[in-house]
Amino acid sequence: MAIEFPEPKLVKTKEITIEVFEQGEGFPVVLAHGFPELAYSWRFQIPVLAKAGYRVIAPNQRGYGATDKPDPVEAYDLQHLCGDMASLLDALGLDQAIFVGHDWGGPVVWNMPLYHPDRVAGV
């Protein structure tokens, strides 16, 4: 089975540049990877969700892959990580998305409704 993994693009957000992998059209679904993984960990889900009619957005989170890696430990708290997701939506011209996370990506998406309730269509 050939893996249909999209090519990366760099998206400049308010605070950092994020490496993003996108596939499909339709309502956006943001996939938040865990530790010590990358967006590539979603390689089997991305094409399935895209074929189901979603715009799948799989970023490498802050500190991973080609995404910026700020030095201070404080730059990796949930406020910053959730802020990155909201800023990514801004940079892509999107109002809302469904957020899906696993492993350490889970706390990021679970906290999106607390930090950015207007950006979350579902978790």
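This briefing walks through a few features of the structure above, from its central helix contacts to its charged pairs and its surface. The model is a predicted one.

**Helix H2**

- Helix H2 runs over residues 78–91, so to speak a stretch of 14 residues, and spans 20 Å from its first C-alpha to its last, close to the 20 Å expected at 1.5 Å a residue.- Its buried residues are Leu-81, Cys-82, Gly-83, Asp-84, Met-85, Ala-86, Ser-87, Leu-88 and Leu-89.
- The cover over these buried residues of H2 includes strands S1, S2, S3 (27–32), S4 (54–59) and S5 (97–101), along with helix H3 (105–115).
- Just after H2 comes Gly-93, which takes a positive phi of about 70°.

**The nonpolar cores**

- In soluble globular proteins, nonpolar side chains tend to be buried together.
- The largest nonpolar core here has 20 residues, and Val-30, Ile-57, Leu-88 and Phe-99 touch the most other members.
- Leu-88 is in contact with Val-11, Thr-13, Ile-18, Val-20, Ile-57 and Pro-59, leaving aside its neighbours within four places in sequence.
- There is also a second, separate core of nine residues, and Val-29, Leu-31, Val-56 and Ala-58 are among them.

- Side chains of opposite charge can pair when their charged atoms come close.
- Arg-62 has a salt bridge with Glu-15, at 3.2 Å from N to O. This pair links distant parts of the chain, 47 residues apart: Glu-15 is in the loop between S1 and S2, and Arg-62 is in the loop between S4 and H2.
- Asp-84 counts as buried, with 5% relative accessibility.
- Asp-90 and Arg-119 form a salt bridge through their side chains, at 2.8 Å from N to O. Because Asp-90 lies in helix H2 and Arg-119 in the loop between H3 and strand S6 (120–122), the pair ties together parts that are 29 residues apart in sequence.
- Arg-119 is buried, with a relative accessible area of 11%.
- Lys-9, Glu-22 and Arg-55 are linked in a network of salt bridges.

**Strand S2 and Thr-17**

- Thr-17 lies in strand S2, which covers residues 17–23.
- Thr-17 counts as buried because its relative accessible area is 17%, under the 20% cut-off.
- Apart from neighbours within four places in sequence, Thr-17 is in contact with Leu-10, Val-11, Lys-12, Thr-67 and Asp-68.

- Ile-3, Leu-38, Tyr-40 and Phe-44 make a nonpolar surface patch of about 350 Å².
- Ile-3 is found in the segment before strand S1 (8–12), and Ile-3 is partly exposed, with a relative accessible area of 37%.

Terms used:
Residues are numbered from 1 along each chain as its sequence is written. This is a predicted model: local features need pLDDT of at least 70, side-chain atom pairs count only at pLDDT 80 or more; totals for chains, interfaces and linings use all residues. Side-chain values use heavy atoms; hydrogens and water are left out. Patches are made of residues with over 30% relative accessible area and no salt bridge: like charges are joined within 9 Å, nonpolar side chains (Val, Leu, Ile, Met, Phe, Trp, Tyr) within 5 Å. Accessible areas come from the Shrake-Rupley method with a 1.4 Å probe; for residues, only the protein chains shown count as cover. A salt bridge is a side-chain nitrogen of Lys or Arg within 4 Å of a carboxyl oxygen of Asp or Glu. Helices (H or I, at least four residues) and strands (E, at least two) are DSSP runs, numbered from the N terminus. Buried means under 20% relative accessible area, exposed over 50%, partly exposed in between (1.4 Å probe, protein chains only). Contact means heavy atoms within 4.5 Å. The expected span of a helix is 1.5 Å times one less than its number of residues. A nonpolar core is a set of buried Ala, Val, Leu, Ile, Met, Phe, Trp, Tyr and Cys residues joined through side-chain atoms within 4.5 Å.
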